[in-house]
Amino acid sequence: MSFPDITADLSARLPELRGRLIANQPLAELIWFRVGGPAQILFTPADEADLAYFLANLPADIPVTVIGLGSNLIVRDGGVAGVIIRLGRGFNEITVEDGHRVRAGTAVPDVKLARAAADAGIDGLAFYRGIPGGLGGALRMNAGAHGGETKDCLIEARAVDRAGKVHVLANADFGFSYRHSGAPADFIFTSALYQGRPGDPATILAEMDRITQAREASQPIREKTGGSTFKNPPGHKAWQLVDAAGCRGLRVGGAEVSQMHCNFLINTGGATAADIEGLGEEVRQRVKAQSGIELEWEIKRIGVPA
């Protein structure tokens, strides 16, 4: 499937644009599941000012969707209409500041933030070693693991709205809850400032190694997977509910519920996005029938079916 090519129209409307526009860019190569159709337009802005200029001058009827590093995402097989924005080199700087603080662009992988903080002797950010993806997604969903959450260490973040206006949000402005941020849906985060505490680099790195070993022992991180599929319902663990419903190893087409950790779905090699999403929905139905609990997707799903 392909979409009408609107790059020429956009380029004419945006003569000062410095970022890159690509028509009908295949997205599967950017998504950890390695499935999905194309983006009508993939836009990679040069920096925050370029992103703001683009959004301020983009026709209001063209939808905008943001993807990060593609770890927590299903792109449906028909692709995504409108503009997909993916932040790149202009958003990947990390700066250590006074007071045991770290400022980072939102294209920075979570693990790189953890590593930079450790190298600087800043404790309190090591939990990011256990989270796949980038900081933009971590802000959007209050990502957490191994006893820490984004809300615990964030001071503030910068964002650009759909009209191209730049905002600075304090931690309290996010309305954080479990795997959720209440920030406006159209905000695209560009950078964030984190607060840590004094720590010994060797001790912090040892904790990160422990997190790495725990992940490798319990999660199928070397497979084509999107990370944790379902949120933990209050008082329950999603994987236990999935297991109790008999879904460990369940397959739909080329998609499989991981034998190692059954809150992970895997592309075994030939899966479509429809296989993966269909498997997730089958798991939700079986869990609801077995326990009465309705699992909520943690993985974001975008686009249209084939």
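The model described here is predicted. Helix H3 covers residues 110-119. Its buried residues are Asp110, Leu113, Ala114, Ala116, Ala117 and Ala118.

What do the buried residues of H3 pack against? Two of the partners are the strands E6 and E7. The others are strand E8 (122-123), helix H4 (135-141), strand E13 and helix H5. An α-helix has 3.6 residues a turn, so residues three or four places apart point the same way.

## The five-stranded sheet

E6 and E7 also belong to an open sheet of five strands. The order is E6-E7-E13-E11-E12, and the pairing is antiparallel.

## Strand by strand

E6 pairs with strand E7 (residues 101-105) over four bridges, in the antiparallel sense. Threonine 95 has arginine 103 in E7 as its bridge partner. The two strands form a hairpin, with three residues between them. In the turn, glycine 99 has a positive phi of about 80 degrees.

E7 then pairs with E13. Five bridges link these two strands, again in the antiparallel sense. Here valine 102 stands opposite tyrosine 194 in E13. At the other end of the sheet, strand E11 (residues 154-160) runs antiparallel to E12, and five bridges join the two. Alanine 157 stands opposite leucine 169 in E12. In a regular strand the side chains alternate between the two faces of the sheet.

## The cavity

How many cavities of 30 Å³ or more does a search of the whole structure find? The search finds one. The largest cavity has a volume of about 50 Å³. Its lining consists of Trp32, Ser71, Pro132, Arg215, Ile221, Thr225, Gly226, Gly227 and Phe264.

Strand E15 (residues 224-228) gives the largest share of this lining, three residues. By type, the lining of the largest cavity holds four nonpolar residues, four polar and one charged.

## The second largest pocket

The second largest pocket has a volume of about 180 Å³. It is lined by 16 residues. Closest to its centre are Gly124, Leu125, Phe127, Gly148 and Arg197.

Two elements give two or more residues to the lining: strand E10 (148-149) and helix H5 (201-218). The lining of this pocket divides into five nonpolar, six polar and five charged residues.

## Glycine 269

Where does glycine 269 lie? Its place is in the loop between strand E18 (264-267) and helix H7 (273-291). Is glycine 269 buried or partly exposed? With a relative accessible area of 48%, glycine 269 is partly exposed.

Glycine 269 is in contact with Lys224 and Gly254, leaving aside its neighbours within four places in sequence. Alanine 255 is 14 residues apart from glycine 269 in sequence. In space, the two are 8.2 Å apart, C-alpha to C-alpha.

Technical notes. Residues are numbered from 1 along each chain as its sequence is written. This is a predicted model: local features need pLDDT of at least 70, side-chain atom pairs count only at pLDDT 80 or more; totals for chains, interfaces and linings use all residues. Side-chain values use heavy atoms; hydrogens and water are left out. On a 1 Å grid over the protein atoms alone, a cavity is a set of points where a 1.4 Å probe fits but cannot get out, and a pocket is an open set with protein on both sides within 12 Å along at least five of seven lines; lining residues have an atom within 4 Å of a point. Grid points are joined across faces, edges and corners, and a volume is the space filled by probe spheres set on the points. Ala, Val, Leu, Ile, Met, Phe, Trp, Tyr, Cys and Pro count as nonpolar, Asp, Glu, Lys and Arg as charged, and the others, Gly among them, as polar. Two strands pair if DSSP finds at least two bridges between them. Buried means under 20% relative accessible area, exposed over 50%, partly exposed in between (1.4 Å probe, protein chains only). Contact means heavy atoms within 4.5 Å.
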